[in-house]
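Hi everyone, thanks for making time today. I'd like to walk you through one part of a structure that may be new to you, so please have a look at it with me.

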Amino acid sequence: MKLLLGAFLQDYLTQERFFGLLDAPQWLPHLHEHGFFSTPPAPESDEEERTVAFPAWPASTYLVRMTSVAPARVATIAEEIPSTDNPRVNLDLAEAALLLLPADAARLVPRAVEATGGPYLIAPDRYAQPAVHCAQAGHIEQALATMAALLQAAQHGG
């Protein structure tokens, strides 16, 4: 960890390479402790071009990959990731929820509800899948909360 923090630039390219090659769940607690999951990228607006870009976050794609080998740890980390309007990050977290045990996926429902009410909602079906996953295991309240948020977003043009 000292080498990672001290000898390498902490920019997007370094993180993309590092997280892209990392396949060890043993890094999860150390990365979490050192704040690697605490700053999801925000959408990037270009007022002149009138566009919005949604940068990928290598840390969240790593979390999705680690869900199959360290689900409880991933669920805990995902719960603590600060809110973001970046739909790419939110979709990664929805993907992780789908791979978790239903009880752990249910813990991420507030995130999904918040994401579906944000200004940028893409691929709403990917939020519905974890809701179905929760419902099938008896977490009806969480499933209904997610589906209600999706319906409200659809009603408001989201």
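F18, F19, W27, F36, F37 and Y62 come together as one aromatic cluster. Do keep in mind that this is a predicted model.

Let's begin with F19 and F36. Their ring centres are 6.2 Å apart and their planes sit at 70°, so this pair is edge-to-face, the class for angles over 60 degrees. In the chain, F19 belongs to helix α2, residues 12-21, while F36 is in the loop between α3 and β1, and the two are 17 residues apart. Are these two residues buried or exposed? F19 is buried, with a relative accessible area of 0%. F36 counts as buried too, at 7% relative accessibility.

Like F19, Y62 is buried.

For contrast, please find L151, in helix α10, which covers residues 140-155. L151 is exposed, because its relative accessible area is 60% and the cut-off is over 50%. How far is L151 from F37, one of the cluster residues? Their C-alpha atoms are separated by 30 Å, and along the chain the two are 114 residues apart.

Methods:
Residues are numbered from 1 along each chain as its sequence is written. This is a predicted model: local features need pLDDT of at least 70, side-chain atom pairs count only at pLDDT 80 or more; totals for chains, interfaces and linings use all residues. Side-chain values use heavy atoms; hydrogens and water are left out. Rings of Phe, Tyr and Trp (its six-membered ring) pair if their centres lie within 6.5 Å; planes under 30 degrees apart count as stacked, over 60 as edge-to-face and the rest as tilted. Helices (H or I, at least four residues) and strands (E, at least two) are DSSP runs, numbered from the N terminus. Buried means under 20% relative accessible area, exposed over 50%, partly exposed in between (1.4 Å probe, protein chains only).
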